[in-house]
Amino acid sequence: MFGVSESFKQLKDYVESEEYKGWDPYDGLNSRVFKGTPIKHWYYARLAWIQGFKRSPINFRKPFLVPKEHNAKGIGLFLTSYCNIYKTQQETGTKDYGDQKDLLGRISYLAELLISMKSSKVYSGACWGYNFDWQNRVFFQPKNTPTVVATSFCANALFNAFEVTDNKKYLETALSSARFVIDDLNRTKSNKGFIFSYSPLDHSCVYNASLLGTRLLARSYHYTKDKEFKDLAREATKTIVDKQNNDGSWIYGEAKTQNWIDSFHTGYNLECLSDYFKYTGDDQFQSSFSKGFEYYIENFFLGDGRPKYYNNKVYPIDIHSPAQFVVTLEKTGKFSEHATLVEKVVRWTIVNMQDKNGYFYYQIKPFISSKIPYMRWAQAWMFYAFSHYMKYYSK
């Protein structure tokens, strides 16, 4: 597997030595320097500050006092990854990535950590947000505001931890997240149904975010057979299917500033549709999935394995794109059909985006690239991708 095992071991050593804490592309507003200024209340100042930190190839976080922290979504990705590795080694009888007892210990540790990180405010169910204030062009989210994206990944990880450990606490916490999606998120009506908001504080219409909410409901239905979960998941899924372009693509969302088409959010959409089929037994949207997958495979990857960010340009090459590609193909059952391309993408990513210290870079650009070791955005996603790569080859 052309050094995949060694590459993963280096990454594993790095993230474990960092205790899963790190910086994030969007954590600029955690700067203690910025928090000490009056401009922290200004929209344009917050937007410029966070974008400056995100876009700069130079890491200013140490001098501006931005601490390394745990990120709930990142912890969720690591938790699912260890569950995948545990199951893989159980099936193959190997101990390449740690003793099974040690892996179980890490699964329990991360699951408990994740539960401790859920929102402390009163919502209808367990939910998670990001460990930083987040200002974008559409809305402002205070630190730890729960979002459907973070909650979906965290609940999914706890479902996986339950299946490994049989600890019902993990199942019950994950299932309670369905109530957060149903009762606390806002809904925007559409001709075909509705779109879940990104968080309880906004009415944004982000397609992949709404589908991640429906995936959580679909998996909750799988465990409970609660018809409400399935009915709402079907209605919300139907809406996003209706938003699909004729060529199979989806734009990011409905705001005027959200009309781009990118690789990894397309991968999210396809993964969520596939999980909807799996957990509900309803495959009425199969043609939408097929059309979307064809667009995905034909528009986001070059012959040499370079993964594109957008449909219409190569750069920046973002680490999230190859990571989600591996996950999408493994989870949708398309890996074997496109194994040659997967190997090219993984090889290119290891050669061009992994540092000698084990971590992966954020983005490759034509001139000056960003090689900052972001924990959630880069390390957690590649760790997650490797676990799905191993999962495929263990079958």
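**Exercise 1. Sort the residues that line the largest cavity into nonpolar, polar and charged.**

Step 1. A cavity is a set of points on a 1 Å grid over the protein atoms alone where a 1.4 Å probe fits but cannot get out; lining residues have an atom within 4 Å of a point. Ala, Val, Leu, Ile, Met, Phe, Trp, Tyr, Cys and Pro count as nonpolar, Asp, Glu, Lys and Arg as charged, and the others, Gly among them, as polar.

Step 2. List the lining: Tyr207, Asn208, Trp250, Ile251, Tyr252, Trp260, Ile261, Asp262, His265, Thr266 and Asn269.

The model is predicted: local features need pLDDT of at least 70, side-chain atom pairs pLDDT 80 or more, while totals for chains, interfaces and linings use all residues. Residues are numbered from 1 along each chain as its sequence is written, and side-chain values use heavy atoms, without hydrogens and water.

**Exercise 2. Find which element gives the most to this lining.**

Step 1. Helices are DSSP runs (H or I, at least four residues), numbered from the N terminus.

Step 2. Helix H10 gives the most to the lining of the largest cavity, with three residues.

**Exercise 3. Describe helix H1 by its span and its buried residues.**

Step 1. H1 covers residues 4-17, 14 residues in total.

Step 2. The expected span is 1.5 Å times one less than the number of residues. From first C-alpha to last, H1 reaches 20 Å, close to the 20 Å expected.

Step 3. Buried means under 20% relative accessible area (1.4 Å probe, protein chains only). In H1 the buried residues are Val4, Ser7, Phe8, Leu11, Lys12, Tyr14, Val15 and Glu16.

Technical notes
On a 1 Å grid over the protein atoms alone, a cavity is a set of points where a 1.4 Å probe fits but cannot get out, and a pocket is an open set with protein on both sides within 12 Å along at least five of seven lines; lining residues have an atom within 4 Å of a point. Helices (H or I, at least four residues) and strands (E, at least two) are DSSP runs, numbered from the N terminus. Buried means under 20% relative accessible area, exposed over 50%, partly exposed in between (1.4 Å probe, protein chains only).
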